[in-house]
Every structure is written in structure tokens, then in C-alpha cells.
Amino acid sequence: MAYSWNNRVDFVVRYMYDIDNNGQLDQKDFECMAVRACVIEGKGECNPVKLSEYQHVMRSLWDEISDLADFDKDGRISTEEFKQAVKETCLGKKYGEFPQAMKAFIEANFKMIDLNGDGVVNKHEFCYNCINRIAVDNAQVVYDAFDSLLNDDDRRRGGLTLSRYQELYAQYLGNVDEKQPGVYLFGPLNTD
């Protein structure tokens, strides 16, 4: 039950998009995500050119998500509205069928996780990303989640490439099966 589709989408809203923790999504969350992405990728520095790129990505993502999910057109997206939009646009679909702005966000997210920029998210980068988002009292549960993501090719490479990350992201949002590896994409889910 912890890895049910509903819990996974709740997690995305709560820990990835709702930056100001007010229980709903709005344009400010996406403005904050642009700054966060810039600072993380810059390892503390926020390059104005990179910031402008991230602002464009996040504005596009907000525009697309609000078009898809702000059903009552109040400028805010509730978790239930977001779930309905994800159900309509991602459920049962492959990564290539996802909305364009969402794909841009996923690619930007991969860059933030790939701290050394080598094109592969390794166990330590994955753990660092998870620990910055969720509270755990034992890093081993995060390492175990990472190991659960990997197939034989991933193990040979030492982690996840962008294409594999995209595939797992599509599983996370687009597949209701709780036993597929994509459920661990953001580490162990805390359903408190």
C-alpha cells in the first residue's frame, strides 16, 4: 500500500512540487523550483544564464500543469486536481507520450541528481538527493531503494542513465503496479 499509485502521486506533490509546503501547487512553487534547480546544479552558485533556462522550463511546466490540472481555474492546483491530470496524461503511457514540459522537468531533475555530471546517477548521488527531500533514520533504506531500481545494465554502468531514469519516471507515474522498480525512484516513500 505504501507504493500505491495514489501515494506515489501524493509524494510528488508534497515533496517535489509543493516547495512552500502550503498543501497546493501554484506559480510560486515553480518559480522556487527554478532557483532550487539552478543552485543545486551550480553546487551553491546560481548562474544567471542557467537560472533563466530553469525559469523558462518551470514556467512552461507550470503553464502546462495548470492548463491540465487547474480545473476550477483559481490559480492553485490541489493534490486531487493534480492526480486527475496525471491520471489523464500519464497513466498507462510511456515517457515519450508525457506532456512536453513534464519531460523537460524530468530531464532537469536528472541533472540536479547527477552531481558529478557524468551522465549516470550513482548510489551516493541518489542517496544525497533523497536525504535532502525526506526524513530517514537509516541511509541503508535509501541504498536498498536504489538497488531495487537497477537492472543488470544499470548495475554494469554503476547507476541510472537519463534514458533509464525517464523509463523509471514513466513507471512511477504511469503504472499502477506496486511491484515494478519505478516505485523506488524517489527512495522509500514515507506515507505519514
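This is a predicted model: local features need pLDDT of at least 70, side-chain atom pairs count only at pLDDT 80 or more; totals for chains, interfaces and linings use all residues.
## The enclosed cavity

The model holds one cavity of 30 Å³ or more. The volume of this largest cavity is about 60 Å³. Helix H3 (48–69) and helix H4 (79–89) are the elements that each give two or more residues to its lining. The most comes from H3, which supplies five residues.

The residues that line the largest cavity are Leu-61, Glu-64, Ile-65, Leu-68, Ala-69, Phe-82, Ala-85, Val-86, Thr-89, Pro-99 and Met-102. Sorted by class, this lining has nine nonpolar residues, one polar residue and one charged residue.

## The largest pocket

The largest pocket contains about 440 Å³ of space. It is lined by 21 residues, of which Tyr-15, Arg-36, Ile-40, Asn-132 and Arg-133 are the closest to its centre. The elements that give two or more residues to this lining are H1, helix H2 (27–41), H5 and helix H6 (123–131). By class, twelve residues of the pocket lining are nonpolar, four are polar and five are charged.

Arg-133 is placed in the loop between H6 and H7. Its relative accessibility is 16%, and it therefore counts as buried, the cut-off being under 20%. Apart from neighbours within four places in sequence, Arg-133 is in contact with Phe-11, Tyr-15, Met-16 and Phe-186. Tyr-15, one of these contacts, is also among the residues closest to the centre of the largest pocket.

Arg-133 and Gly-187 are 54 residues apart along the chain, and their C-alpha atoms are separated by 9.6 Å.

## Helix H9

Helix H9 covers residues 162–174 and has 13 residues. At 1.5 Å a residue, H9 should span 18 Å, and the 17 Å between its end C-alpha atoms agrees with this.

Ten of the 13 residues of H9 are buried, so the helix is largely enclosed by the rest of the structure. The buried residues are Arg-164, Tyr-165, Gln-166, Leu-168, Tyr-169, Ala-170, Gln-171, Tyr-172, Leu-173 and Gly-174. They pack against helix H1 (5–17), H4, helix H5 (100–113), helix H7 (139–149) and helix H8 (152–157).

Leu-91 belongs to the loop between H4 and H5. With a relative accessibility of 28%, Leu-91 counts as partly exposed. When neighbours within four places in sequence are left aside, its contacts are Trp-5, Val-86, Leu-173, Gly-174, Asn-175 and Val-176. Leu-173 and Gly-174 are buried residues of H9, and Val-86 is part of the lining of the largest cavity.

The chain places Leu-91 and Gln-171 80 residues apart, with a separation of 8.9 Å between their C-alpha atoms. Gln-171 is one of the buried residues of H9.

## Salt bridges

Side chains of opposite charge can pair when their charged atoms come close. The model has eleven salt bridges. Lys-50 takes part in a salt bridge with Glu-41, at 3.5 Å from N to O, and in another with Glu-53, where the closest N and O atoms are 3.3 Å apart. Lys-50 and Glu-53 both lie in helix H3, three residues apart, or about one turn of the helix. In an α-helix there are 3.6 residues a turn, so residues three or four places apart point the same way. Lys-50 is partly exposed, with a relative accessible area of 26%. Glu-41 is partly exposed, also at 26%, and Glu-53 is partly exposed at 41%.

A further salt bridge joins Lys-123 and Asp-147, with the closest N and O atoms 3.1 Å apart. This pair links distant parts of the chain, for Lys-123 lies in helix H6 and Asp-147 in helix H7, 24 residues apart. Lys-123 is partly exposed, with a relative accessible area of 27%, and Asp-147 counts as partly exposed at 30% relative accessibility. Elsewhere, salt bridges with shared partners join Asp-154, Arg-157, Arg-164 and Glu-167 into one network. Arg-164, a member of this network, is buried in H9.

Definitions and conventions
Residues are numbered from 1 along each chain as its sequence is written. Side-chain values use heavy atoms; hydrogens and water are left out. On a 1 Å grid over the protein atoms alone, a cavity is a set of points where a 1.4 Å probe fits but cannot get out, and a pocket is an open set with protein on both sides within 12 Å along at least five of seven lines; lining residues have an atom within 4 Å of a point. Grid points are joined across faces, edges and corners, and a volume is the space filled by probe spheres set on the points. Helices (H or I, at least four residues) and strands (E, at least two) are DSSP runs, numbered from the N terminus. Ala, Val, Leu, Ile, Met, Phe, Trp, Tyr, Cys and Pro count as nonpolar, Asp, Glu, Lys and Arg as charged, and the others, Gly among them, as polar. The expected span of a helix is 1.5 Å times one less than its number of residues. Buried means under 20% relative accessible area, exposed over 50%, partly exposed in between (1.4 Å probe, protein chains only). Contact means heavy atoms within 4.5 Å. A salt bridge is a side-chain nitrogen of Lys or Arg within 4 Å of a carboxyl oxygen of Asp or Glu.
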